[in-house]
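Please consider the following comments on the model alongside its sequence and coordinates.

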Amino acid sequence: MAASQAHLEKMQLRQSYRNVWHTDLMRTISADTPYCCFSLFCLLWFLTILLFYTHVSGPCVSYLLRKRALYNDMSRYTCCAGYMPCSGKCGESKCPELCLCTEVFLCFGNSVASTRFLLQDEFNIQTTQCDNCIIGFMFCLQQLACICSIVACLVGSDELSDASQALNCLADMVYCTVCACMQTQHKVEMDKRDGKFGPQPMAVPPAQQMSRFDQPYPPNVGYGQPAYGGYPPGPPPPQSQGYPPAAYPPPGYPAPGYQR
């Protein structure tokens, strides 16, 4: 009960985060087209295998993203990133690679969501209303497809059965598309975290008022004062109490452009 309350409070806290994703779900295809196509191909391949039971292949993109989110340090791995009741009880410390493979195979949806929560909590990233609508539409469509399938089985109508199969196919396509966009969104965010976009551009300052030459020119006209350090001096920002630990990120992994 206490764990459920803590997770609920954490979900409510994410709504007040100050940062946003580097790219939203609507623009992930244009932000990184090759990776989005790669992720969608892997998901469609995985879905085809689940439907026809031919051989085994897993969603490798989810594995690679989680490992990268952990800064390639698998000693930090916890099942479902610590967001599920089974986290920390699956022998992750003995064989984290095998546990992560099992997670992305058997709990693919949870593996994608866990990586998303991991990045959100690390960098105080909120989810925009547009992204929430897309994810909510995906869930509603899957539930509607499930209900239609159950009704078709109970009624035994061929027409309703065909309609439920078409709706299931549509729900699966939407699911694969949204998951591919989400994983591309996570990859682009980690590119930003690792400094692959270079220094973040400064925000455009507000318009300044003209000053006469015979008047003293005050410092930093038109620019907001920093929250700490600089001019005037102020208290340092508080240390984050959540994930990751204070020892992370490791050296060589700058995180420019994020607000705490």
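1. The model is a predicted one, and the comments should be read accordingly. A search of the whole structure finds zero disulfides. Cys79 is accordingly in no disulfide, and the nearest cysteine sulfur, that of Cys86, lies 3.7 Å away.

2. Cys60, at 32% relative accessibility, counts as partly exposed.

3. Helix H5 comprises residues 96-106, and its buried residues are Pro96, Cys99, Leu100, Glu103 and Val104. Viewed down the axis of H5, these buried residues fall within an arc of 130 degrees, so they line one face of the helix. In general, an α-helix has 3.6 residues a turn, so residues three or four places apart point the same way.

4. Leu98 and Leu106 are exposed on the other side of H5. The cover over the buried residues of H5 includes helix H4 (60-69) and H6.

5. Helix H6 spans residues 108-123 and contains Asp121. Is Asp121 buried or exposed? With a relative accessibility of 4%, Asp121 counts as buried. The side chain of Asp121 makes a polar contact with the side chain of Tyr83, at 2.7 Å.

Conventions
Residues numbered from 1 in each chain as written. Predicted model: local features only at pLDDT ≥ 70, side-chain atom pairs only at ≥ 80, totals over all residues. Heavy atoms only, no water. Disulfide = S-S within 2.5 Å. Buried < 20%, exposed > 50% of the residue type's maximum accessible area, 1.4 Å probe, protein only. Helix = DSSP H or I, 4+ residues; strand = E, 2+ residues; numbered from the N terminus. Polar contact = N/O pair within 3.5 Å; in protein donor to acceptor, adjacent residues only side chain to side chain. Arc of directions from axis to C-beta. Contact = heavy atoms within 4.5 Å.
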